[in-house]
Amino acid sequence: MIRASGLTVRFGDNTVLDGISLEISKRETVAIMGASGGGKTTLLRCLSGLLSPNTGKVEVLGVDINDCSSHDNQELRLKIGILFQGAALFDYLNVRSNVSFGISRHRKLSQRQQDDLVSHCLKRVGLEGIENLMPSELSGGMRKRVGLARALATDPEILFYDEPTSGLDPITAYSIDSLIVELGQSTAAASVVVSHDIHSVRRTCTRVLYLSEGTIIFDGLPDAFFHSDDPRIRELIEKSQADTVVVS
């Protein structure tokens with residue numbers, strides 16, 4: 001589904017990604033983890049075609065995402081769904097128009113077909129009947145769900161999640177995690193989740209990549225990750241465990 005080889009990204013003198021190579025298959029839910037500034041979001045942007053690397057290549061569904069015709073690029077983007085960290089809803093559009101934003105421009109559907117598809121996508125994320133609400137009327141968790149409904153509207157083969165539980169309370173975060181798991185089980189899509197939330201990764205992912213100073217220092221199963229002896233990984237895990245301790 002995704003193949004990256006030799007990805008290097010520099011911003012000025014700062015090398016953010018340094019020769020990254022990886023493959024992601026269908027039905028995998030892969031977490032990209034790492035310290036702040038370690039290159040997680042930059043890697044996601046490269047894999048999703050939002051950023052071109054200085055060197056290296058990204059193939060998505062067999063197509064070089066940075067070296068293809070405009071037609072192929074448009075077709076490819078319809079097969080990719082992205083849930084951005086802040087949901088990235090258009091504040092001047094209601095929920096119906098936000099969810100249908102992509103399909104109204106790239107698919108020849110009648111208004112009735114668009115409305116039915118919007119209702120279906122909202123139902124999948126547990127938000128029936130809110131089509132006429134504005135983003136300002138939604139909670140943070142609802143905004144994330146609407147963003148996910150929009151990502152699902154094109155029936156994507158690859159889903160990217162950028163910090164899907166960031167800023168959410170534990171109960172809402174759990175519900176978003178449950179959606180990620182359900183979608184991973186009900187479709188053949190590949191999912192890539194950028195997260196610093198170790199509890200969310202435990203619940204949702206089948207594989208973990210850990211970035212440090214622009215390189216992948218771990219690529220394997222979650223159980224092996226959580227039992228790693230690497231001091232950089234141990235620091236993250238122990239800090240996360242300490243954060244769950246209630247001080248009275």
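These are legends for a handful of close-up views of a predicted model.

View 1. A search through the whole structure turns up 0 disulfides. Take C205: the nearest cysteine sulfur belongs to C46 and sits 20 Å away, so with a disulfide cut-off of 2.5 Å, C205 is in none. Both cysteines are tucked away from the surface, C46 at 0% relative accessibility and C205 at 8%. For both, then, the label is buried, because that word covers anything under 20% relative accessible area.

**View 2. R3 and E59 bridge two strands.** The whole structure has 10 salt bridges, and this view shows one of them, between R3 and E59, with the closest N and O atoms 3.9 Å apart. The partners come from distant parts of the chain, 56 residues apart. R3 belongs to strand β1 (residues 2-11), while E59 belongs to strand β4 (residues 55-60). R3 is partly exposed, with a relative accessible area of 42%. Look for E23 here too: salt bridges with shared partners tie R3, E23 and E59 into one network.

View 3. D230 and R232 pair up through their side chains, N to O at 2.8 Å. Which of these two counts as buried? That would be D230, at 19% relative accessibility, whereas R232 is partly exposed at 39%. Another salt bridge joins E238 and R234, this time at 3.8 Å from N to O. E238 and R234 lie 4 residues apart in helix α10 (residues 231-243), so about one helical turn separates them.

**View 4. M33 in the largest nonpolar core.** In soluble globular proteins, nonpolar side chains tend to be buried together. The largest nonpolar core here holds 41 residues, and those touching the most other members are M33, V99, L122, V146, L148, Y161 and F225. Zoom in on M33 and, leaving aside neighbours within four places in sequence, its contacts include I198, V201, V208, L209, L211, F225 and L236. Some other kinds of side chain join in as well, among them K40, S195 and H196. There is also a second, separate core of 28 residues, which includes L43, L44, L51 and V192.

View 5. K144 sits in helix α6 (residues 140-152). Setting aside residues within four places in sequence, the contacts of K144 include L83, Q85, A87, E163, P164 and I176.

View 6. L93 is found in the loop between β6 (80-83) and α3 (95-99). P135 is 42 residues away along the chain, but the C-alpha atoms of L93 and P135 are separated by 7.7 Å. Not counting residues up to four places away in sequence, L93 touches N98, F101, M134 and P135.

Methods
Residues are numbered from 1 along each chain as its sequence is written. This is a predicted model: local features need pLDDT of at least 70, side-chain atom pairs count only at pLDDT 80 or more; totals for chains, interfaces and linings use all residues. Side-chain values use heavy atoms; hydrogens and water are left out. Buried means under 20% relative accessible area, exposed over 50%, partly exposed in between (1.4 Å probe, protein chains only). A salt bridge is a side-chain nitrogen of Lys or Arg within 4 Å of a carboxyl oxygen of Asp or Glu. A nonpolar core is a set of buried Ala, Val, Leu, Ile, Met, Phe, Trp, Tyr and Cys residues joined through side-chain atoms within 4.5 Å. Contact means heavy atoms within 4.5 Å.
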